Amino acid sequence: MPDNFSLHISPTSSADTAEYTCLFNDRHSPEAIADLLVQDVPDPPGRPLVVSFTSRSVDLSWAHSQDARNAPVTNFIIETRVGENGDWNQVPPIYTKSNLASYQVTDLLPFTVYSFRIIAVNELGHSAPSKESYYFVTLREGEYLLFGAVFIMKHVSQF
């Protein structure tokens with residue numbers, strides 16, 4: 001009788017993670033128990049939402065990946081599109097330093113159309129990109145968004 005046996009599961013997915021038992025000759029107690037943990041890159045995060053913005057910054061928030069694939073998300077990559085038909089590689093990507101699902105993007109241009117998408121990162125690699133955010137236009141210089149109303153600040157000089 002051979003000393004070694006093997007179990008082949010191909011292809012595998014994170015849904016195959018489980019405890020497997022090996023029964024020999026119809027015995028009712030297991031001869032061996034194997035724990036299988038299948039890891040993979042995470043699912044894409046949720047679509048980023050624009051929480052607030054100014055003429056030069058935007059606060060984004062998004063939902064974590066639905067399935068981290070048994071390997072926790074360590075950080076995110078934020079990709080920026082300038083204009084409605086711009087390339088995603090026109091602006092260098094932003095690498096967050098944590099797994100928080102929010103970020104303030106700075107150094108934007110006033111009165112410019114932007115959209116963003118998010119990539120989740122774990123120890124095994126990068127997810128596919130999220131759906132892109134809805135387009136928005138940064139404010140003109142001197143405008144401030146406050147509770148949905150735009151206020152224009154004007155400098156008045158006194159003589």
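The exercises below treat the pairs in turn.

The model is predicted: local features need pLDDT of at least 70, side-chain atom pairs count only at pLDDT 80 or more, and totals for chains, interfaces and linings use all residues. Residues are numbered from 1 along each chain as its sequence is written, and side-chain values use heavy atoms, with hydrogens and water left out.

**Exercise 1.** Determine how many salt bridges a search of the whole structure finds.

*Solution.* The criterion is a side-chain nitrogen of Lys or Arg within 4 Å of a carboxyl oxygen of Asp or Glu. Applied to the whole structure, the search finds 3 salt bridges.

**Exercise 2.** Characterise the salt bridge between R117 and E79.

*Solution.* Step 1: the closest N and O atoms are 2.5 Å apart. Step 2: R117 lies in strand β8 (residues 113-122) and E79 in strand β5 (residues 75-82), 38 residues apart; strands are DSSP runs (E, at least two residues), numbered from the N terminus. Step 3: both R117 and E79 are buried, where buried means under 20% relative accessible area, exposed over 50%, and partly exposed in between (1.4 Å probe, protein chains only).

**Exercise 3.** Classify E132 and R81, which form a salt bridge, as buried, partly exposed or exposed.

*Solution.* Step 1: the closest N and O atoms of the pair are 3.3 Å apart. Step 2: E132 sits in the loop between β9 (125-126) and β10, and R81 in strand β5, 51 residues apart. Step 3: E132 has 24% relative accessibility and therefore counts as partly exposed; R81, at 13%, counts as buried.

Notes. Helices (H or I, at least four residues) and strands (E, at least two) are DSSP runs, numbered from the N terminus.
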